[in-house]
Amino acid sequence: KTMQFYRRSNLGMALEETINELVEENDLSESLREFLMKHYDSILNEELKKSCEPVRTSIEVEGDIDSYRILQGESLILLKDASLNFNNQIQNFPELLVLGQETRPMIEKYRYQFNN
């Protein structure tokens, strides 16, 4: 079963209005109208699920370390004459503050603290 929430979007309302006009003019049957709207719901739900999948990308940061602090799994690094490469687009900065956080799940972080 698919959600019909997206029928209230601009696209969904325009599609429904157009299909209703075709039904009123007897160019489409009522059963075909229902099939088209259910197909719209299904396709839109599938495409939105695909767009919510994680995107794999990388960021490259280069520069001279001016100062840094690491405290409780968080890093603070100040770079001088830094460059940031994101999707092959390079941006240069006289100063760049990089914030990092431990990537282990929180449960692992707490398990480590309790066991040590």
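## Strand pairing

Two strands count as paired if DSSP finds at least two bridges between them. In this predicted model, three strands pair in an antiparallel manner to form an open sheet with the order 1-2-3.

Strand 1 (59-71) and strand 3 (89-101) are the edge strands of the sheet. Each has a single partner strand, so one side of strand 1 and one side of strand 3 have no neighbour in the sheet. On average, and with direction ignored, neighbouring strands are turned by 15° against each other.

## Strands 1 and 2

Strands of a sheet pair through backbone hydrogen bonds, either parallel or antiparallel. Strand 1 and strand 2 (residues 74-86) run antiparallel and are joined by eleven bridges. Within this part of the sheet, Leu71 stands opposite Glu74 in strand 2.

## Order of elements

The protein chain contains three helices as well as the three strands. Read from the N terminus, the elements follow the pattern α-α-β-β-β-α.

## Burial, contacts and surface

The protein chain has 116 residues, and 15% of them count as buried. The cut-off for buried is under 20% relative accessible area.

For contacts between residues at least 6 apart in sequence, 35% join residues at least 24 apart. The accessible surface of the protein chain is about 10,000 Å². Carbon and sulfur atoms account for 54% of this surface.

Definitions and conventions. Residues are numbered from 1 along each chain as its sequence is written. This is a predicted model: local features need pLDDT of at least 70, side-chain atom pairs count only at pLDDT 80 or more; totals for chains, interfaces and linings use all residues. Side-chain values use heavy atoms; hydrogens and water are left out. Helices (H or I, at least four residues) and strands (E, at least two) are DSSP runs, numbered from the N terminus. Buried means under 20% relative accessible area, exposed over 50%, partly exposed in between (1.4 Å probe, protein chains only). Contact means heavy atoms within 4.5 Å. Accessible areas come from the Shrake-Rupley method with a 1.4 Å probe; for residues, only the protein chains shown count as cover. Axes are lines fitted to C-alpha atoms, for helices over the stretch in contact, and angles run from 0 to 180 degrees between N-to-C directions.
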